[in-house]
Structure formats: C-alpha cells, structure tokens
Amino acid sequence: MLTSFLELYTLSDNTAKWSVDNFANNPPRLYRLQAIEALMKALQINCSYQEFQYGEFLFGQNQLNQSELIIKIKENYPTLFQTTNTDEKDQSDSQFMFEMLFSYRMKLQKLTSLRDSVLEYSEYNRYPVLIIDTINNKLQADIEAIDNILAYLINPKEIHFSNQELIEKYNYPVGDLDEIDSDWI
C-alpha cells in the first residue's frame, strides 16, 4: 500500500486529481491507482486519497496498540529513548505522527526518485548522478525505518493477503507492473 501510494505520488503529486477517469489513458498510473483502491478495501481504510495522506483513517482507530507503536519507534530509532525516561505505555497521537512522517516521506520520495529520470548519461556528466546516488544510499536506512513505522500505522494487525485473494476479493489489478511501465516509456 505504502509503496504503491508513494510511486503514484511520484508520477502525480495532486491526490485530488487521482481517479480512474483521469488515469484511463496512462496505464502505469491507472494500475497503481487500482492497486491502492484494492489494498484500501482489503485493509478497510475507508477514506479519500487526500484523507489518507493526512492520516484521517486513524481517527477512531481502535486496532492500534500504543505500546506496539512505541516499540516500533524504539526498534527503528533507539537513540530517541537513550536520554529520556520514556515508558512503553506512553501515548502518541498516531494521526499526527502519520501525517508528519508521511508528508516527509512523500517529499523524500520525490527527491530520491529524481535520479530515476536519468536513464543514460555520458562519462562527462556522471558527477551529479554519482552525488545523488551517494546521498540516496545514505538515506536508505532512515527511509526504511520511516516506512516501518508508517506500515505499522497503516496495517497495525499486520494482515497479509495472497495475490489471488487480493485479485478475487478486492479487484486488485492483474498484470506485470514492470512490463506496463516499460511499455509506457
């Protein structure tokens, strides 16, 4: 869910304009949108894409275990807890956390995917690409840590579905996304 949303955001950053009609003539965007819709149904996230990006699906969320959230944060950012006396039962505003981290993550997605637009470059033009690659590689561990926290907030019960189940029950799109992307280029 997170990956599909971030990929589509990279291709089209105005979530208010995300619709099957608007993406009908763009198979890579349409596939990702259909995947997001299916995953939202499967995870019982009943909100718009804009509401999702602001974490509004978390209002009234009773599945979220606050102590589990704090444990996830500790696992990914143990240094945050070295200087403070934080009990695992501390409360956290999960909607605010999601909104802040997801907003930051969407901006990171735009920055880190910038390099993807450069398919070829000459030997004389390698330095900007190498600099961007170096910085992106340094960010990967923190991006994964943020993604772990966001994934927990999206799916706190860590529910898993088979591809077949997603296709049959939730109308997940069928096809090879890599092929769809390469045909579009």
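The following conversation concerns a predicted model of one protein chain.

Q: How many helices and strands does the chain have?
A: The secondary structure consists of nine helices and zero strands. Read from the N terminus, the elements run α-α-α-α-α-α-α-α-α.

Q: What percentage of the residues counts as buried?
A: Of the 185 residues in the chain, 38% are counted as buried.

Q: And the accessible surface, what does that come to?
A: The chain has about 11,600 Å² of accessible surface, and carbon and sulfur atoms account for 49% of that area.

Q: What share of the contacts with a separation of 6 or more is between residues 24 or more positions apart?
A: Such pairs make up 72% of those contacts.

Q: Let us turn to Ser-4. Where is Ser-4 found?
A: Ser-4 lies in helix α1, which covers residues 2-11.

Q: Is Ser-4 buried or exposed?
A: Ser-4 is buried, because its relative accessible area is 13% and the limit for buried is under 20%.

Q: Which residues does Ser-4 touch, leaving aside those up to four places away in sequence?
A: Ser-4 is in contact with Arg-32, Ala-35 and Ile-36. Ala-35 is 31 residues from Ser-4 in sequence, yet their C-alpha atoms are 7.1 Å apart in space.

Q: New topic: which residues make the nonpolar surface patch?
A: Tyr-127, Leu-130, Ile-131 and Ile-135 make a patch of about 390 Å².

Q: Where is the place of Ile-135?
A: Ile-135 belongs to helix α7, residues 126-154.

Technical notes
Residues numbered from 1 in each chain as written. Predicted model: local features only at pLDDT ≥ 70, side-chain atom pairs only at ≥ 80, totals over all residues. Heavy atoms only, no water. Helix = DSSP H or I, 4+ residues; strand = E, 2+ residues; numbered from the N terminus. Buried < 20%, exposed > 50% of the residue type's maximum accessible area, 1.4 Å probe, protein only. Contact = heavy atoms within 4.5 Å. Areas by Shrake-Rupley, 256 points an atom, 1.4 Å probe, with all protein chains shown as cover. Patch = residues over 30% accessible without salt bridge, like charges linked within 9 Å, V, L, I, M, F, W, Y side chains within 5 Å. Salt bridge = Lys/Arg side-chain N within 4 Å of Asp/Glu carboxyl O.
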